[in-house]
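Colleague: I would like to learn how to read helix packing and a chain interface in a model. Please take me through one case.

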Amino acid sequence: VRIKVIVVVVVALQVGIPAMALLREDRPSPLGWQMYAWPSPPLEVLVLDADGDPLDRETSDYIGRYRLEVPYHQHLPAHVCEVEPEAHTVVLRGGRPGTSGQHRC
Amino acid sequence: MLSSIVGAQVGSEPTAVIRVLLGTAALWIATVSRPAFHELTYPEVLNVPTFAFSPTPTAALVQLTVAVWICAAAVLITGIFARAAALTVAGAGTLMAATDLQMISNHLTLMIALCLLITLGRPGAALSARPSQHTAFVAYWPVFLLKVQLSTLYLFTSVSKINAAWLSGLAFRNSVPHLVLLPDRMVGPVTVMLAVTSVVIELSLAFALWLPRVRAAAAMVGFVFHVGIIVAMPPPALAPFGLMALALYPLFFQEPRTAGAPPIGDVGGDGARVGGQAQGQRSASSAPAGTG
């Protein structure tokens with residue numbers, strides 16, 4: 001009986017976890033086996049100083065491993081403002097839908 | 001049906017092959033993940049903690065996690081203390097995933113899932129450096145769960161791709177450098193065809209590997225599919241995923257034997273048994289194969 005319970009629970013997790021990930025609105029989601037399912041243009045980060053001039057920075061300066069599953073618009077602007085004293089505005093372009101936008105420090 | 005799954009046995013070698021290939025993939029994933037994991041310790045690099053209680057990535061945490069991961073993966077390949085090694089690899093991978101959301105990838109998720117699933121069986125029962133632990137047969141139900149894992153992977157990756165963005169072929173235009181060899185007017189139709197074909201293949205593989213009549217053809221298609229992805233879509237970081245998926249294919253070619261044999265899989269240690277009757281039957285069934 002114990003083994004039967006284990007089998008049923010594991011199969012439920014194997015089906016249920018990706019099924020729930022599929023139903024989420026913020027896709028792609030981790031643990032959903034959604035490899036490459038929602039292709040998006042690469043994320044670009046533009047950091048502007050108070051005069052509106054761009055700082056000489058690359059997106060890879062701030063992101064070690066870019067993942068489409070990560071809501072960068074919720075985390076990256078505040079982080080850039082914190083580590084770049086000259087930053088006045090952070091512009092995000094590309095990425096998954098909803099990521100693009102301007103953020104004032 | 002559940003009773004027949006729980007009561008059946010299969011040969012021990014295919015699971016052992018998975019153990020060896022999984023350990024190899026785990027070594028590979030640790031190696032390719034380490035640089036990005038280490039970059040999280042740089043102050044200018046963004047951290048996105050997976051949980052509110054996620055540990056802060058430090059150089060010591062990264063080095064220790066990767067070192068333990070690599071050692072455990074090497075031990076897993078040998079088959080000595082295979083369960084403990086698989087659990088350790090899963091633990092190290094889970095710690096990395098729990099540290100930062102950006103470290104969670106599909107090949108890491110698959111590696112953790114397979115490591116946990118093989119601990120339900122007896123991964124050291126063949127092809128290990130401890131012949132005294134070898135048996136000819138192991139319980140079928142952990143093997144069944146490994147097969148379900150592959151099928152659900154194919155099912156959900158295909159279903160998630162049934163959307164306009166994927167079917168437009170954009171992913172292939174972004175990821176396959178070889179397409180520059182095509183004339184411009186051909187790139188659009190070819191990428192759309194590749195996108196549709198990939199959905200059909202993955203959806204078919206979710207079911208066809210279970211069907212004896214089409215199993216061999218499906219396995220051939222799956223092999224070409226995974227090797228094609230590795231060849232066409234650099235970097236080689238994608239290779240461990242294909243390796244882990246293909247490692248599961250031999251399981252579908254095993255016929256479970258149910259002839260009165262009680263379950264011999266156990267949830268205890270490598271040498272544990274579920275009841276005296278099971279122990280006796282295992283000894284009897286192991287003897288003819290000469291692997292006891």
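Colleague: How are α4(B) and α5(B) oriented to each other, parallel or antiparallel?

Modeller: Angles over 145 degrees count as roughly antiparallel. In this predicted model, helix α4 (residues 82-99) of chain B and helix α5 (residues 106-118) of chain B pack at about 150 degrees, so α4(B) and α5(B) are roughly antiparallel. Their axes lie 8 Å apart, and the crossing is left-handed.

Colleague: Which residues make the contact of α4(B) with α5(B)?

Modeller: From α4(B) come A86(B), L87(B), V89(B), A90(B), G93(B), T94(B), M96(B) and A97(B). α5(B) supplies L108(B), M111(B), I112(B), C115(B), L116(B) and I118(B). By class, 12 of these residues are nonpolar, two are polar and none is charged.

Colleague: At what angle do α2(B) and α5(B) pack?

Modeller: Helix α2 (residues 13-39) of chain B meets α5(B) at about 145 degrees, with the axes 11 Å apart. The crossing of this pair is left-handed. I18(B), R19(B), L22(B), A26(B) and I29(B) of α2(B) touch H107(B), L108(B), M111(B), L114(B), C115(B) and I118(B) of α5(B). That contact divides into nine nonpolar residues, one polar and one charged.

Colleague: Now the interface. What area is buried between chain A and chain B?

Modeller: Interface size is often given as the accessible area lost when the parts come together. Between chain A and chain B about 3900 Å² is buried, and carbon and sulfur atoms give 69% of that area. The contact takes 38 residues from chain A and 46 from chain B.

Colleague: How many salt bridges are found across the interface of chain A and chain B?

Modeller: The rule finds zero salt bridges there.

Key: Residues numbered from 1 in each chain as written. Chains lettered and ligands numbered in written order. Predicted model: local features only at pLDDT ≥ 70, side-chain atom pairs only at ≥ 80, totals over all residues. Heavy atoms only, no water. Axes fitted to C-alpha atoms, helices over the stretch in contact; angles between N-to-C directions. Helix = DSSP H or I, 4+ residues; strand = E, 2+ residues; numbered from the N terminus. Parallel < 35°, antiparallel > 145°, perpendicular 65-115°, else oblique. Left-handed = near helix turned anticlockwise from the far one by under 90°. Contact = heavy atoms within 4.5 Å. Nonpolar A, V, L, I, M, F, W, Y, C, P; charged D, E, K, R; others polar. Buried area = accessible area lost by both parts, 1.4 Å probe. Salt bridge = Lys/Arg side-chain N within 4 Å of Asp/Glu carboxyl O.
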